[in-house]
Every structure is written in structure tokens, then in C-alpha cells.
Amino acid sequence: MEATVRRAIHAYLENAPLRLIDTFAGRLCNRDGQIDAFMESTEYKKLLSPLYGPLKMEPIEEAVAKYFSWVMLSHRWDRKEPLLHDIQHKIIYDLDPIGTVVKLQKFCKVARDAGHRWAWSDTCCIDQNNNVELQESVNSMFVWYHHSVLTIIYLSDVPPFSRSGALANSIWNTRGWTVQEFLAPNIVLFYQADWTLYLDTGSTNHKESVAIMQELENSTGINTRALVAFRPGMRGAREKLQWASSRVTTLQEDIAYSLFGIFGVHLPVIYGEKKQNALGRLLQEIIAHSGDITALDWVGQSSNFNSCLPADIVSYKAPPCSPPSLPEYNIQALVSQLRYIVAVESASKLYALLDNISAPRFANSRLQLPCITFPVTELRRRHGHDQETCFAYHVKADGLRDLLITTEDKLTQFSPARPIQQTSLLIRPWNRYDFELPDFTDETQNADDWPEPGHPSDDPFGRSPEENDPADSGSHLQELSLLVRLGRRFGAPPRRRRDNHLADSQSHSQALRLLVRLGQPFGALLLAQQRGGEYKRIASDHNIVARVKNIASVDAMMGVRTLEIL
């Protein structure tokens with residue numbers, strides 16, 4: 001019987017913190033201490049009682065879960081918090097009630113009065129001087145919060161009787177670690193400075209409070225569905241990075257470490273490394289394992305870790321751009337007209353090239369990025385439009401409409417008349433999700449609905465509706481109509497009839513629909529080739545939004561390659 005109980009205990013404690021405070025005794029206990037306390041408890045003796053009858057796992061697991069359940073604290077650190085050595089081998093309730101010790105005592109009392117024996121605070125339940133323990137704690141913290149019976153969120157700067165809005169303005173709502181501390185738990189309660197419940201709604205779980213969830217959604221940008229029932233993972237990477245983009249941490253590396261649990265990654269914790277390296281390692285892991293390149297959608301300065309990544313998470317603060325959605329009838333009209341002017345072989349060849357290209361790979365700070373390349377033929381400074389820290393450039397590239405790019409980098413100008421040896425490219429980053437055309441038939445889908453697993457945004461970088469006039473899609477229709485009329489006049493129909501049996505095939509339709517998609521505006525990257533043949537990204541302070549000159553010019557989109565970017 002004892003062996004069975006111990007197995008149930010160890011199974012339950014797999015997701016528990018390494019140390020917990022006994023709120024009844026006021027002492028800090030390691031895992032062995034917790035088990036010993038249980039073995040001496042009346043709960044354990046009841047399990048051994050003959051009244052329980054034959055051995056059954058269900059009552060054992062219920063008793064273990066009830067006894068060992070723990071409460072977590074989420075708060076903003078003050079200057080001098082009680083650490084492990086301050087409370088070890090001491091009774092917390094006997095400590096002088098001064099400074100932040102009062103916060104710890106109040107927290108333990110609130111947990112105890114709610115009937116919970118065990119409590120955890122990050123200030124004193126982790127040995128900050130033990131690197132092994134620190135590594136495990138940082139990588140496990142999301143799991144600990146998720147499996148807690150309750151998470152108490154203490155708002156030290158929210159006075160009693162505060163009205164709605166005080167939570168949004170609390171400094172707690174600006175800290176990096178508090179994102180996962182709120183998203184992970186199933187049950188949370190917000191407490192004001194005097195340890196009374198915020199808004200006093202009478203709810204036993206503030207995730208069920210419509211008013212509080214709406215206040216958090218408005219202040220954090222995290223939709224209510226994610227706030228209430230968040231699921232960790234790498235999907236929707238760009239959105240999650242945006243959640244953290246306005247947050248701050250005392251140690252610069254922690255802005256990346258605080259996201260490990262949100263993305264479900266397990267990485268080394270290396271305090272002392274720069275934030276560019278910490279963030280770079282995290283983003284590298286996300287791209288390498290998910291293939292989601294939406295993390296390349298940023299504006300600002302490039303990282304020393306890799307030029308395709310940002311130097312700071314604030315580069316994700318601006319919302320990701322989304323291309324305008326073409327109505328299905330527009331797509332079908334464009335596809336129908338492309339049948340007259342695009343050879344089956346050309347469209348199918350491009351489709352095959354993109355279908356067979358490898359997924360993105362990222363290791364050792366080197367990104368292998370599949371893309372469609374457009375060679376830059378002219379780069380000319382635009383005088384009179386430079387800002388104090390940025391330069392503006394006119395850019396021409398084969399197959400693309402002319403662009404204006406602003407960057408902090410001072411670039412070498414060139415043109416066909418004044419060429420240089422260095423190769424520059426505008427590229428469309430590619431991933432296989434671009435084959436999946438949106439379903440325009442579902443007009444009822446809410447924008448806040450959780451995305452399907454592994455489904456990034458339709459365009460790796462995209463554009464906002466303000467940047468793209470959906471009516472501009474009509475220009476394609478006008479251009480194609482002219483080409484179709486010319487084709488009919490000068491003998492295109494024979495080829496149309498010759499290819500008729502292929503044009504109607506499903507594969508040809510897919511290829512033409514892909515062409516339509518490639519004809520829409522997209523987020524481009526400007527790359528400059530290095531001496532070793534690799535490339536580096538030239539960062540811009542605005543999204544580089546590019547568009548092909550002619551949707552029917554398939555040859556201009558045949559530069560499908562995988563580039564190595566440093």
C-alpha cells in the first residue's frame with residue numbers, strides 16, 4: 001500500500017515546484033519534507049484504514065492531489081525581497097513583519113485560509129546561486145503555474161476600493177515574467193494592496209470575470225480566448241512576440257527567458273549573455289522546429305546573432321501586416337484570364353519549384369531561408385527625404401514595381417550605368433503554407449478565433465488594409481483583360497485549345513491560383529551578399545512592401561532559391 005501511495009505522490013509532484021512553503025507550519029520544505037509530512041498526516045492514515053476497503057487508485061490520487069496542491073504567487077519584485085537564505089530553517093510567521101516580508105506572510109495566510117497547505121513564491125523558493133536548479137526552474141515555471149490549484153496575483157500599487165482600470169495601469173501589467181504567470185494558470189485571483197480582492201466581484205476565479213478579462217484584453221492586446229484558456233506552443237509566433245514587445249525585465253536576458261514556457265521550448269539559461277543572444281536563441285529554436293517565419297516580420301535594428309532577427313523585442317511592437325483578402329470571384333476571374341496568357345508548362349514549373357524547395361533551417365546562427373529572389377538593378381539615394389538617423393533609397397528590382405526604402409544603413413548606390421560587384425536582392429520569404437489559399441466562404445469566422453496548429457499568417461510579412469487598397473486588385477484584371485484581348489487577336493486561342501486538356505486539370509488550377517497569390521503585395525527583405533557568398537539583411541524602419549510588375553510574367557518569379565543568411 002505504501003509503495004502505491006508513493007508512486008501516486010511522485011507522479012503528482014512531477015509538475016510541482018522543487019520547494020514549497022507549508023502555509024500551516026510556516027516552514028519551507030523540499031520535496032522529501034513534503035512527502036514526510038504527508039506520511040505523518042491524518043490523510044495518509046485514512047488511506048490505510050480498512051474502511052477504504054480494497055486498494056483503489058482513484059481515492060489515493062484524489063487524496064494526494066488534495067494534500068499536495070499548491071498556490072503560486074505572481075507579483076512585481078520590490079527592491080529587497082526575502083530570499084531562500086532569509087527564510088530557510090525559520091518560521092515565516094515569526095519573522096519581523098517589515099518591508100516585503102509582510103507580502104510573503106500575507107500571501108501564505110491567504111493561501112492557508114483558502115484551505116491550501118502549500119504555497120510558492122519565486123523570491124524565496126528558488127536557490128538563485130544553484131545554476132542547475134535555476135535552469136530547471138526557469139524552464140519549468142510555466143508548468144508549475146499551469147498545474148497550480150490557484151495563482152494569486154498581488155497588485156501592490158492598486159489601492160483598496162479601486163475601480164475598473166486600475167489593473168490595466170498597474171506596474172505588474174508591464175513586467176515580462178507576468179505574461180506567463182497569468183496565461184498559464186487555470187484559476188487566478190487579483191488582490192489589491194491591502195489584500196482584498198480586486199473589484200470584489202464575488203468570483204472564485206477572475207478568469208471568469210467578463211469585466212476583468214475585458215480590461216486585460218484592452219491593456220495587453222491579448223484576446224480573451226487566449227487569456228482564459230491559453231495553450232503553449234510555437235504557432236502564432238509573431239502574435240506572441242507582440243504580446244511581450246512592450247514588457248520590461250530587470251535583467252535584459254529575462255525578456256527571452258520569460259517566453260520559454262509560452263512557446264513550449266526548453267533552452268539553456270545563460271545569465272550574463274546579452275539580450276540579442278538570448279532572444280536570438282529563442283527565435284532560432286522557434287523557426288528551426290516550426291518552420292514559422294513570421295518571426296522575421298519586424299522593423300528596427302538587426303541582431304548581431306543573425307541579421308534576419310531583431311536586436312530587441314520592441315521591434316515586434318507594431319502589429320503584423322496582413323494582405324487584403326481577394327474575394328473568391330476575383331480569384332476565379334484572374335485564374336480564368338491567366339489561362340489565356342500563361343502556358344501550362346510555365347505555371348506548373350513554378351508550382352513544382354516551390355513545392356519541392358526545402359523548409360527553413362536555422363542552426364548555429366545561420367538561417368537557410370527558402371525564397372523567391374528578385375535581383376536589385378538600381379539603388380539610388382533620395383535626397384531631401386532623409387531623416388536624422390535614416391536614409392531613403394529608390395530601389396528597382398527585376399520583376400517588381402519600384403520601391404522606396406528607408407534604413408539606418410548608408411548603402412552603396414548603383415545602377416546599370418554604374419554597377420558594383422556586390423549583389424543585392426529583394427526576396428519574398430517562402431513557406432509551404434502559401435500553397436493554402438484562404439477560405440473566403442466562411443464569413444462568420446471571428447478574427448480572435450484561435451488559429452489552426454502550425455498556421456502562420458497568410459503572408460510572411462504582409463500588409464495592412466490601409467497599406468493595400470483591395471480595389472488595386474482591379475488593376476490586375478484590367479491588365480489581364482488587355483492581354484487576353486491581344487492574345488485573341490494575335491492567335492492565342494490555338495494554344496488555348498492545344499492546352500485545353502491540361503488547363504482544366506486540378507493541378508493547373510492550383511498553379512494558376514498560386515500565381516494569383518504571388519501577384520498580391522508581400523513583405524520583402526532587402527539582402528546584400530557578403531564575401532563568402534552568404535547574405536545579410538538590410539534592416540528597415542518600415543515594412544518593405546513589394547509587388548510584382550505583371551502577374552502573368554511567370555519567368556520573373558522563377559528565382560526560387562534557398563539562401564544562407566548570417
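Biologist: What share of the contacts with a separation of 6 or more comes from residues 24 or more positions apart?
Modeller: That share is 71% in this protein. Contact means heavy atoms within 4.5 Å. Note that this is a predicted model: local features need pLDDT of at least 70, side-chain atom pairs count only at pLDDT 80 or more, and totals for chains, interfaces and linings use all residues. Residues are numbered from 1 along each chain as its sequence is written, and side-chain values use heavy atoms, with hydrogens and water left out.

Biologist: Now alanine 511. Buried or exposed?
Modeller: Alanine 511 is buried, at a relative accessible area of 2%. Buried means under 20%, exposed over 50%, partly exposed in between (1.4 Å probe, protein chains only).

Biologist: What does alanine 511 touch?
Modeller: Ala347, Ser348 and Tyr351, leaving aside residues up to four places away in sequence.

Biologist: Switching topic. How many residues line the second largest cavity?
Modeller: 16, with Trp298, Ala524, Leu525, Arg537 and Ile544 nearest its centre. A cavity is a set of points on a 1 Å grid over the protein atoms alone where a 1.4 Å probe fits but cannot get out; lining residues have an atom within 4 Å of a point.

Biologist: What's the split by type in that lining?
Modeller: The lining of the second largest cavity has 10 nonpolar, four polar and two charged residues. Nonpolar covers Ala, Val, Leu, Ile, Met, Phe, Trp, Tyr, Cys and Pro; charged covers Asp, Glu, Lys and Arg; the others, Gly among them, are polar.

Methods. On a 1 Å grid over the protein atoms alone, a cavity is a set of points where a 1.4 Å probe fits but cannot get out, and a pocket is an open set with protein on both sides within 12 Å along at least five of seven lines; lining residues have an atom within 4 Å of a point.
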